[in-house]
Amino acid sequence: MMSNVHTTSESGEDRITAVTMRGAELGTALFTALIGGIVIVGAQEQGIGWTESGPDAGYFPFYIGVILVLASAGTILHTLARWKTLDATLLDKRQFHHVAAVFIPMCVYGVAIHLIGTYIASSIFIAWFMWRERDGKRYAPITIAAISIGVSVAVYLLFERWFGLPLNRGLLLGMMGISG
């Protein structure tokens with residue numbers, strides 16, 4: 001949601017707006033309203049009434065969903081009431097690229113955990129961020145391998161061996177019979 005296409009930074013350079021304050025507020029409010037709606041529907045499937053033993057499983061989640069939807073509606077109304085004052089830039093194009101450079105790999109990581117499990121996905125995720133060039137410098141491949149695999153091994157030992165809590169092994173490993 002762009003309105004001011006160009007702004008000027010403190011250093012005097014032109015910046016192209018990627019996200020305005022109003023766009024961020026409306027987008028967040030719509031997203032939380034959607035989550036609230038999903039919670040309401042799921043709670044109704046579980047039952048939102050009372051039984052002899054107390055509330056049904058969906059009773060409290062239903063009201064949490066209602067609160068989310070009402071709070072989101074309030075944010076939308078508040079944003080519409082302050083429409084002109086929320087025209088300021090939240091993220092310029094350069095800043096947006098920095099956010100996307102972290103957000104997109106995080107989304108891929110979330111899907112990868114489901115498919116290949118926490119340990120392998122985490123090793124790849126850590127290695128990816130270590131491999132990416134920063135200010136013309138890169139970590140040595142042996143350092144990347146040692147840290148990314150070492151962290152996953154440490155997490156495995158901590159959760160699975162010490163606490164006895166297995167983490168997600170993923171669909172593919174489960175299909176191969178390696179489900180822990």
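**Before you start**

The model is predicted, so local features need pLDDT of at least 70 and side-chain atom pairs count only at pLDDT 80 or more, while totals for chains, interfaces and linings use all residues. Residues are numbered from 1 along each chain as its sequence is written, and side-chain values use heavy atoms, with hydrogens and water left out.

**Stop 1: the two domains**

Colour residues 9-90 and 92-179 separately: these are domain 1 and domain 2 in the domain assignment of the protein chain. Such bounds come from an automatic or database domain assignment. The centres of the two domains, taken over C-alpha atoms, are separated by 30 Å. How many residues of domain 1 are in contact with domain 2? Seven residues of domain 1 are in contact with four residues of domain 2, where contact means heavy atoms within 4.5 Å.

Together the domains bury about 420 Å² between them, 59% of it on carbon and sulfur atoms. Buried area here is the accessible area (1.4 Å probe) that two parts lose on being put together, summed over both. Now select R15, I16 and A18: in domain 1 they lose the most area to domain 2, together 68% of what that side buries.

**Stop 2: what the UniProt record lists**

An unreviewed UniProt entry lists residues 29-167 as "domain: DUF1468". Select that span and you will find 73% helix and 6% strand, with its end C-alpha atoms 33 Å apart. Helices (H or I, at least four residues) and strands (E, at least two) are DSSP runs, numbered from the N terminus.

The unreviewed entry also lists residues 23-42, 62-81, 102-127 and 139-159 as "transmembrane region". UniProt positions are given in the numbering used here, feature names are shortened, and annotations may be inferred rather than shown by experiment.

**Stop 3**

Select M21, which lies in helix α1 (residues 21-46). Is M21 buried, partly exposed or exposed? M21 counts as partly exposed because its relative accessibility is 28%; buried means under 20% relative accessible area, exposed over 50%, and partly exposed in between (1.4 Å probe, protein chains only). Leaving aside neighbours within four places in sequence, M21 is in contact with L86, A88 and L90.

Next, show α2 (residues 59-81). The expected span of a helix is 1.5 Å times one less than its number of residues. Buried in α2 are Y59, F62, G65, S72 and T79, and what covers them includes α1, β3 (50-51) and β4 (54-55).

**Stop 4: helix α4**

Move on to α4 (118-131). This helix has 14 residues and reaches 20 Å from its first C-alpha to its last, close to the 20 Å expected. Its buried residues are T118, Y119, A121, S122, S123, A127 and M130, and they pack against α3 (93-116) and α5.

**Stop 5: helix α5**

Finish with α5 (residues 141-162), whose 22 residues reach 30 Å from first C-alpha to last, close to the 32 Å expected. Which residues of α5 are buried? They are I144, S148, S152 and E160. Look down the axis of α5: these buried residues fall within an arc of 75 degrees, so they line one face of the helix. The arc is that of the directions from the helix axis to the C-beta atoms. The buried residues of α5 pack against α4. On the face turned away from the buried side, look for the exposed residues I142, A146, R161 and W162.

Now pick F159, also in α5. F159 counts as partly exposed because its relative accessibility is 29%. Leaving aside neighbours within four places in sequence, F159 is in contact with G164, L165 and L167. Following α5 is G164, with a positive phi near 70 degrees.
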